[in-house]
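Visitor: Could you walk me through this model, one question at a time?
Guide: Gladly, let us look at it together.

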Amino acid sequence: MTTSIILLAGGQGRRLGINKSKARLCGKTLPEWNKELMKKIPFNHELVIVTRGGKTRHESVRKGLQRASGDIIIIHNVANPLASVEDFVKIRTCLLQKDC
């Protein structure tokens, strides 16, 4: 089974309170943190980055789904840079086992 990770990097950052693409954490932007994280994920995956989302999160997810080709799709928000490689591995394992 193939895996796609949709990285939602567009939007105005209303929930975060600041522009997601410019927000910095320890000297790096949130997109930089997330791109580094994606490189460390130990399983093959297609990375779909949605930088120009819709007016709502729902619309942004839909845009990502239209571009994703994986059998398994994981959606991640760039505004949550503290996710770990282990989080992605656990989610994928759970979906592969259909035990979620």
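Visitor: Is C26 buried or exposed?
Guide: Happy to start there. This is a predicted model in which local features need pLDDT of at least 70 and side-chain atom pairs count only at pLDDT 80 or more, while totals for chains, interfaces and linings use all residues. Residues are numbered from 1 along each chain as its sequence is written, and side-chain values use heavy atoms, with hydrogens and water left out. Buried means under 20% relative accessible area, exposed over 50%, and partly exposed in between, with a 1.4 Å probe and protein chains only; with a relative accessible area of 71%, C26 is exposed.

Visitor: Where is the place of C26?
Guide: Helices (H or I, at least four residues) and strands (E, at least two) are DSSP runs numbered from the N terminus. Phi of C26 is near 50 degrees, a positive value in a residue other than glycine. Most residues other than glycine have a negative phi. As for its place, C26 sits in the loop between β2 (24-25) and β3.

Visitor: Which residues does T29 touch, not counting those up to four places away in sequence?
Guide: T29 belongs to strand β3 (residues 28-29), and at 11% relative accessibility it counts as buried. Contact means heavy atoms within 4.5 Å. With sequence positions up to four places away set aside, T29 touches S21, A23 and R24.

Visitor: What separates the C-alpha atoms of E36 and P81?
Guide: E36 is found in helix α1 and, at 31% relative accessibility, counts as partly exposed. P81 also has a C-alpha separation of 9.4 Å from T29, 52 residues apart along the chain. For E36 and P81, 45 residues apart along the chain, the C-alpha separation is 10.0 Å.

Visitor: Which elements do the buried residues of α3 pack against?
Guide: Helix α3 (residues 85-97) has 13 residues and reaches 18 Å from its first C-alpha to its last, close to the 18 Å expected at 1.5 Å a residue; that expected span is 1.5 Å times one less than the number of residues. Its buried residues are V85, F88, R92 and C94. They pack against β1 (3-8), α1 (30-40) and β5 (72-77).

Visitor: Why is the protein chain as compact as a globular protein of its length?
Guide: The chain has 3 helices and 5 strands, running β-β-β-α-β-α-β-α from the N terminus on. The globule rule is 2.2 Å times the number of residues to the power 0.38, and the radius of gyration is taken over C-alpha atoms. The chain is as compact as a globular protein of that length because its radius of gyration is close to the 13 Å that the rule gives for 100 residues, namely 13 Å.

Visitor: What share of the contacts between residues at least 6 apart in sequence join residues at least 24 apart?
Guide: Of the 100 residues of the protein chain, 36% count as buried. Among its contacts between residues at least 6 apart in sequence, the share joining residues at least 24 apart is 66%.
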